[in-house]
Amino acid sequence: VMKLNPQQAPLYGDSVITVQLTEEDKVEDDVVFYLVFTGSTVQHCTSTRKINPGSLETISPGHDCCETVRVALCASREGHPVLVVAEESFQFVQDEAYDAAQFLATCAGNQQALNFTRFLDRSRPPAADVDFLDEKVALAFRHLKLPAEWNVLGADQSLTENIPRETLMHFAVRLGLLRLTWFLLQQPGGRGALSIHNNEGATPVSLALERGYQKLHQLLTEEEAREPDSWSTLSHTVHSGDYSVKHHRGLDVYLLTAEA
């Protein structure tokens, strides 16, 4: 039996999983290990990297629903058949970051909900928590199946830019969420949100300046602003038909997902 640590991951994936090998699985250097996750409708295959002779590291895939899946540890060696050396179960769960992303996505145009998010700002979480929140919520947002008509400014596009209101962009900037801001900028309505004033007359751009968020301000104002470095360590996905391939630059691990 192999040991997976942790034995569960959020639906949006991108968290590190360590695989402890048993004595008899610690084999020659030319063996390549990978994990196959089999869910009810999709299957994922991830490459691994060796940390030491007894343990491997990989990245959890993003999954399509909350469920317990089978994970097979496979070993392959040139000139030999692929062997399944161990099996274990693994759970995909919906966590708070996922709930938060769903909440934010559905309240894009909802003033009551957006005003509630301002209340969060009064309790100013510590920087390490903000960074964690930023990464997880942005990952979860990226994993949501947003409807084609989804817009950062909400469904009612008839509102002219002159009507003062809160936007999701105000929320992301106020908390200093660099990755979430970058994600929203790429979505429909993201750029338009930058010039919208709230009831105090603040735009997302003026908020970034007022709060001294230099990187964030650059991101919003520079023509050629590139994605934040912190974001580039995460997975990048390429889709092709029923398949998608993700590359996680940080660990140099590849993930293939196929509809079963």
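This is a predicted model: local features need pLDDT of at least 70, side-chain atom pairs count only at pLDDT 80 or more; totals for chains, interfaces and linings use all residues.
The protein is divided into two parts: domain 1 comprises residues 3–94 together with 233–259, and domain 2 spans 96–221. Taken over C-alpha atoms, the centres of domain 1 and domain 2 are 33 Å apart. Nine residues from domain 1 and ten residues from domain 2 take part in the contact between them.

The area buried between domain 1 and domain 2 is about 890 Å², of which 60% lies on carbon and sulfur atoms. On the domain 1 side, the residues that lose the most area to domain 2 are Y12, Q94 and L234, and together these account for 69% of what that side buries. Four residue pairs are in polar contact across the interface of domain 1 and domain 2, whereas the count of salt bridges between the two domains is zero. Sorted by class, the domain 1 side that touches domain 2 consists of three nonpolar, five polar and one charged residues.

Several backbone features were found in loops. Most residues other than glycine have a negative phi, and most peptide bonds are trans. The peptide bond that joins N5 and P6 is cis, with omega at about -5 degrees. P6 is placed in the loop between β1 (3–5) and β2 (8–10).

Positive phi values occur at two aspartates, D14 and D252. For D14, phi is near 65 degrees. This residue belongs to the loop between β2 and β3 (16–20). Because its relative accessibility is 6%, under the 20% cut-off, D14 counts as buried. For D252, phi is about 55 degrees, and the residue is found in the loop that lies between β11 (243–248) and β12 (253–259).

A further aspartate, D134, is located in helix α3, which covers residues 127–143. The relative accessible area of D134 is 3%, so the residue is classed as buried under the 20% cut-off. When residues up to four places away in sequence are not counted, D134 touches L177, L178, R179 and L180. One of these residues, L178, has its backbone nitrogen 3.0 Å from a polar atom of the D134 side chain.

Key
Residues are numbered from 1 along each chain as its sequence is written. Side-chain values use heavy atoms; hydrogens and water are left out. Domain bounds come from an automatic or database domain assignment. Contact means heavy atoms within 4.5 Å. Buried area is the accessible area (1.4 Å probe) that two parts lose on being put together, summed over both. A salt bridge is a side-chain nitrogen of Lys or Arg within 4 Å of a carboxyl oxygen of Asp or Glu. A polar contact is a pair of N or O atoms within 3.5 Å; within protein, one must be able to donate a hydrogen and the other to accept it, and residues adjacent in sequence count only if both atoms are side-chain atoms. Ala, Val, Leu, Ile, Met, Phe, Trp, Tyr, Cys and Pro count as nonpolar, Asp, Glu, Lys and Arg as charged, and the others, Gly among them, as polar. Helices (H or I, at least four residues) and strands (E, at least two) are DSSP runs, numbered from the N terminus. Buried means under 20% relative accessible area, exposed over 50%, partly exposed in between (1.4 Å probe, protein chains only).
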